[in-house]
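Take a look at the structure below.

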Amino acid sequence: MLEEAAKLVVKSRFAIAFTGAGISAESGVPTFRGFNGLWKKHRPEELATPEAFEKDPHLVWSFYKWRMDLIRKARPNPAHYALAELERMGILKAVVMQNVDDLHREAGSRNVVELHGNIFRVRCTSCSYKENLKESGRLEAFLAERDLPKCPRCGSLLRPDVVWFGEPLPRKALEEAFKLAETADLVLVIGTSGVVYPAAYIPQIVKEHGGKVIEVNTERSGITPIADLFIRGRAGEVMERLMEKVRVMLNG
Ligand code: OAD
Ligand code: ZN
C-alpha cells in the first residue's frame, strides 16, 4: 500500500493535500469529533456557531481561548514536515487546510489555503477591524484578560476570525481551493472525517477531474469510498514512512 502510494506521489505533476484535525492530533491538538477530555460537557460543534456566541459569548470565548492556548504550545509533527518537504521537492503545490492552526506554515509549507480561518486572528463583530494576535504580540495579554474582548477601534465585541457552522467560507480561499482541486492529479487527504461541506467537496472535485485520491486516517471517513488508496494509521507515522519510500524512489 505504501509502495503504491509513494509511486503515485513520485509520478504526480500537481499534487495537493487536503488536511483536517487528524493531522494535528499527534501534535496534541484535539480533534472535533470523537472529542474527549475537558470539553465533554459541551460538544465543540455546538460551541462553534453564531447562535452559541450570541447566547453565551463568555462560554464560546473560553472555549476558543482554551484552544488558542493549546494550539500555541503545539509543534508540527512529521506529517506537517512531510508535506513541507513534498512542496520543496516541487511535487506538492498547495495544502488546503480545514484546521485553524499554524502548524503547516511552522513546518515550512508556503502555499497554505485556510478554508476555516485562523485561530490567532480576531475580528470585530461591527466594524472591519482584524488583528492577528501572534503577529501583534498581544496573544499572552489577550489570553490572560478575563473580560470579553472589545474592539480597540469601535468598542464592539471581538470574535475569533474562524468559520462557524452555518457561516459561509471565505470566498477567495474557497475559489482557490476549488481551482487547485480541478488542476490536481493527486490529492493526499489526511486526518479529516470528510463530513463538513463545502470543504469536503475538494477530494471529490479532484476525483471527478481524473485525479487520484490517497487517504491517510486512523478510521474510515466520508472520503474513504472514493479513495484510490486508503492507508490506515496515524498521520505522522504513515507520512514519515511514505517519505522514506519517496526519497528512495527519487534518489534511485
Ligand atoms: P474531525 O474531528 O471531524 O475528524 C478528525 C479525523 O481525523 C477523523 O476522521 C479521525 O479518524 C482522524 N484522525 C484522528 N487522529 C488521527 C491521526 N493521528 N492520524 C490520522 N487521522 C487521525 O476533524 P475535521 O474533519 O478536520 O470546522 O473536521 C472538519 C471541520 O469540522 C473542522 O474544520 C471544523 C469542524 O467543526 C469548522 O470549524 C468550520
Ligand atoms: Zn470594531
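## Polar contacts of the ligand

An oxygen atom of ligand 1 lies 2.8 Å from a polar backbone atom of Ala 21. The model is predicted. At Phe 32, a polar backbone atom is also 2.8 Å from an oxygen atom of ligand 1. A side chain takes part too: an N or O atom in the side chain of Thr 218 is 3.4 Å from an oxygen atom of the ligand.

How much of ligand 1 does the protein bury? Alone, ligand 1 exposes 790 Å², and the protein buries 92% of that area.

## The shell around the ligand

Ligand 1 is surrounded by 22 residues. The closest are Ala 21, Arg 33, Thr 192, Ser 193 and Asn 217. Sorted by class, the shell holds 11 polar, seven nonpolar and four charged residues.

Helix H2, residues 21-25, gives the largest share of this shell, with three residues.

## Where the ligand sits

Why does ligand 1 lie between domain 1 and domain 2? Both domains give residues to its shell, so the ligand lies between them. Domain 1 covers 1-29 + 76-116 + 169-252. Domain 2 covers 30-73 + 118-162.

## A cis peptide bond

Now to the backbone. Is the peptide bond from Tyr 197 to Pro 198 cis or trans? This bond is cis, with omega near 5°. Pro 198 belongs to the loop between strand E7 (186-190) and helix H10 (201-208).

Technical notes. Residues are numbered from 1 along each chain as its sequence is written. Chains are lettered from A and ligands numbered from 1 in the order in which they are written. This is a predicted model: local features need pLDDT of at least 70, side-chain atom pairs count only at pLDDT 80 or more; totals for chains, interfaces and linings use all residues. Side-chain values use heavy atoms; hydrogens and water are left out. A residue is near a molecule or strand if one of its heavy atoms lies within 4 Å of it. A polar contact is a pair of N or O atoms within 3.5 Å; within protein, one must be able to donate a hydrogen and the other to accept it, and residues adjacent in sequence count only if both atoms are side-chain atoms. Accessible areas come from the Shrake-Rupley method with a 1.4 Å probe; for residues, only the protein chains shown count as cover. Helices (H or I, at least four residues) and strands (E, at least two) are DSSP runs, numbered from the N terminus. Ala, Val, Leu, Ile, Met, Phe, Trp, Tyr, Cys and Pro count as nonpolar, Asp, Glu, Lys and Arg as charged, and the others, Gly among them, as polar. Domain bounds come from an automatic or database domain assignment.
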